[in-house]
Amino acid sequence: MFDSATVSMIMKGIGETLYMTLFSSILAYVIGLPLGVILVTTDKDGITPMPTVNKVLGFIINMLRSVPFIILLITVLPFTKFVVGTTLGCNATVVPLVIASAPYIARLVESSLKEVDGGVIEAAQSMGARPFQIVTKVLIPEAKPSLLVGAAIAVTTILGYSAMSGFVGGGGLGNIAINYGYYRYKTGIMFVTVAILVVIVQVFQELGIRLSKGTDKRVR
């Protein structure tokens, strides 16, 4: 069962899975990080309270988060084809991955930033720091350990989403597990792909924890 062609296919699947996961994570953070910052700063207790903006943005984020990924994946197929020209393959999977992950990341970022001691923020305000300075020099640096743990959680969640994309020809290990392990009844291939996914998750999780500990001032 595990001849050279199969091994080559699995290796290619690992590369595709890592590409989809990491590229989608980067793009999702480009969107989700600012959204999380806006949620915190526009809160009623934030540094620039804007209740209307906060409620509207929170509603949109909650609405997107409430849609199961497999349904979202199918729903945005026309948009995916418009963006990348196809609905199959790794690049096509990146589009729904970003749409599904950005709101989730926004909430993770919001949770991390709200853990920052209010006294630190008040001290910065008393010294005349502007909102942008408070965000970039106080909130994000102080929340860095929590943000890194959240990033590890987000990446592993996106990895799980990428595996689900195999149902619509998304590529990667999920596609191999479904098309070869499930439809062709090659359970050995399915178990191997699942085991590889578990290992990748553990690596990402451990990396996030180590980076978090390395930036946490409280453990020094």
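This is a predicted model: local features need pLDDT of at least 70, side-chain atom pairs count only at pLDDT 80 or more; totals for chains, interfaces and linings use all residues.
Is Leu173 buried or exposed? Its relative accessible area is 0%, and because buried means under 20%, Leu173 counts as buried.

What does Leu173 touch, once residues up to four places away in sequence are left out? On one side of the numbering there are Ile10, Gly13, Ile14 and Thr17, and on the other Thr193, Ile196, Leu197 and Ile200.

### The whole chain

Now zoom out. The chain has 10 helices and 0 strands, so reading the elements from the N terminus on simply gives α-α-α-α-α-α-α-α-α-α. Its C-alpha atoms fill a box of roughly 70 × 45 × 25 Å along the principal axes. There are 220 residues in the chain, and 40% of them count as buried. The accessible surface comes to about 12000 Å², with 67% of that belonging to carbon and sulfur atoms.

### Val98, a residue in α5

Helix α5 runs over residues 90–113, and Val98 has its place there. Val98 has 11% relative accessibility and counts as buried, since the cut-off is under 20%. Which residues is Val98 in contact with, leaving aside neighbours within four places in sequence? They are Ser24, Leu27, Ala28, Ile31 and Pro103. Ser24 and Val98 are 74 residues apart along the chain, yet their C-alpha atoms are separated by 5.5 Å.

### Two partners of α5

Helix α5 packs with α2, which spans residues 51–65, and also with α8, which spans residues 144–164. Here are the two pairs side by side.

| Helix pair | Angle | Axes apart | Crossing |
|---|---|---|---|
| α2 and α5 | about 125° | 8 Å | left-handed |
| α5 and α8 | about 160° | 10 Å | right-handed |

Take α2 and α5, which pack at an angle of about 125°. That makes α2 oblique to α5. From α2, the residues Gly58, Ile61, Asn62, Leu64 and Arg65 take part, and they meet Pro103, Tyr104, Ala106 and Arg107 of α5. By type, this contact divides into 5 nonpolar, 2 polar and 2 charged residues.

The other pair, α5 and α8, has an angle of about 160°. Why are α5 and α8 called roughly antiparallel? Angles over 145 degrees count that way, so α5 and α8 are roughly antiparallel to each other. On the α5 side, Leu97, Ala100, Ser101, Tyr104, Ile105, Leu108, Val109 and Ser112 make the contact. Facing them in α8 are Ser146, Leu147, Gly150, Ile153, Ala154, Thr157, Ile158, Tyr161 and Ser162. The residues here divide into 11 nonpolar, 6 polar and no charged.

One residue turns up in both contacts of α5: Tyr104 meets residues of α2 as well as residues of α8.

Technical notes. Residues are numbered from 1 along each chain as its sequence is written. Side-chain values use heavy atoms; hydrogens and water are left out. Axes are lines fitted to C-alpha atoms, for helices over the stretch in contact, and angles run from 0 to 180 degrees between N-to-C directions. Helices (H or I, at least four residues) and strands (E, at least two) are DSSP runs, numbered from the N terminus. Angles under 35 degrees count as roughly parallel, over 145 as roughly antiparallel, 65 to 115 as roughly perpendicular and the rest as oblique. A crossing is left-handed if the near helix is turned anticlockwise from the far one by less than a right angle, and right-handed if clockwise. Contact means heavy atoms within 4.5 Å. Ala, Val, Leu, Ile, Met, Phe, Trp, Tyr, Cys and Pro count as nonpolar, Asp, Glu, Lys and Arg as charged, and the others, Gly among them, as polar. Buried means under 20% relative accessible area, exposed over 50%, partly exposed in between (1.4 Å probe, protein chains only). Accessible areas come from the Shrake-Rupley method with a 1.4 Å probe; for residues, only the protein chains shown count as cover.
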